[in-house]
Amino acid sequence: MNHAAKAFLGAALLFGGHSTEGKGGELKQDNALLFYVPFDSSADAEAGGAVGKVEGEVKYVRGMKGDAVMLDKKRGARISYNLATGFDPDEGTLMFWIKPHWSGDDGLAHDLAWVALGGEGYIRWSKGLADDRPQVNILWLYSNPNDRHAECDAKLFEENQWLHVATTWSAAETISRIYLNGDFKVKGTWADRPKGSWRSLLLGYYYEKCKQHADATIDEFYIFGRALASEEIQRYVGATS
């Protein structure tokens with residue numbers, strides 16, 4: 001596994017009269033940190049060196065910590081990132097705060113994040129896979145090819161309420177896991193390594209004709225080259241909430 005990680009080392013900021021020291025600060029200095037975007041009035045990554053390419057219209061609003069980015073379906077909002085060469089963690093963690101503009105039982109699919117692979121296939125984080133498929137009200141961590149996935153009920157998603165989503169995976173353990181608000185929900189399969197390095201990350205929607213827009217506000221987006229322990233995720237959520 002390539003740990004070409006670049007930790008973000010910065011001074012503590014003040015928000016709402018409270019210091020953010022300790023609120024995820026230890027994670028920003030983790031040697032396995034590959035990618036981090038705080039969305040503080042910018043879509044650019046503070047770890048990972050990627051510039052956020054904005055399409056449509058995004059809006060920066062108050063988030064869980066500092067600002068967050070609003071990805072509105074009506075404004076066609078999307079942000080894309082070209083990821084560094086060799087970005088191919090065979091174990092890792094992807095996590096973020098989300099305030100959906102919908103409820104988990106709305107019967108519609110919403111793509112939250114999409115990674116295009118350099119070989120073939122993709123890795124996808126979504127609520128439902130498509131509007132016309134069963135289990136549309138399920139949260140998925142899904143990789144194609146080889147059908148690696150974990151899935152859990154999306155009923156905890158409430159319209160305009162913040163929720164923390166964390167997913168971990170390990171090819172060695174052949175396991176993926178989903179945590180919501182720091183609580184472990186389910187484990188699924190994750191055998192082998194997806195073909196090809198991670199080339200790009202898309203937030204908002206996958207392609208122009210796609211109806212499965214995230215339609216949500218996103219904050220504090222992290223990718224690590226290791227699977228965070230349950231206690232680490234719980235500690236981060238508790239400190240940031």
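In the protein chain, residues 24 or more positions apart account for 67% of the contacts with a separation of 6 or more, a contact being heavy atoms within 4.5 Å. The model is predicted, so local features need pLDDT of at least 70 and side-chain atom pairs count only at pLDDT 80 or more, while totals for chains, interfaces and linings use all residues. Residues are numbered from 1 along each chain as its sequence is written, and side-chain values use heavy atoms, with hydrogens and water left out.

The protein chain contains two helices and 17 strands; these are DSSP runs numbered from the N terminus, with helices being H or I of at least four residues and strands E of at least two. Of its 241 residues, 54% count as buried. Buried means under 20% relative accessible area, exposed over 50%, and partly exposed in between (1.4 Å probe, protein chains only).

Two strands pair if DSSP finds at least two bridges between them. Strand 4 is joined to strand 7 (residues 78–82) by three bridges, and the two run antiparallel. Within this pair, V54 has I79 of strand 7 as its bridge partner.

Strand 3 (residues 33–37) is mostly covered, with five of its five residues buried. Four bridges join strand 3 to strand 17 (residues 216–224), and these strands run antiparallel. V37 stands opposite F221 of strand 17.

F221 is also among the residues with the most contacts inside the largest nonpolar core, together with F35, Y81, W198 and L201. This core has 45 residues. A nonpolar core is a set of buried Ala, Val, Leu, Ile, Met, Phe, Trp, Tyr and Cys residues joined through side-chain atoms within 4.5 Å. Leaving aside neighbours within four places in sequence, the contacts of Y81 include F35, V37, F39, R199 and L201. Another core, of 15 residues, lies apart from the largest one; among its members are A47, M95, W97 and Y236.

Y236 belongs to helix 2 (residues 230–240), where E232, I233, V237 and T240 are buried as well.
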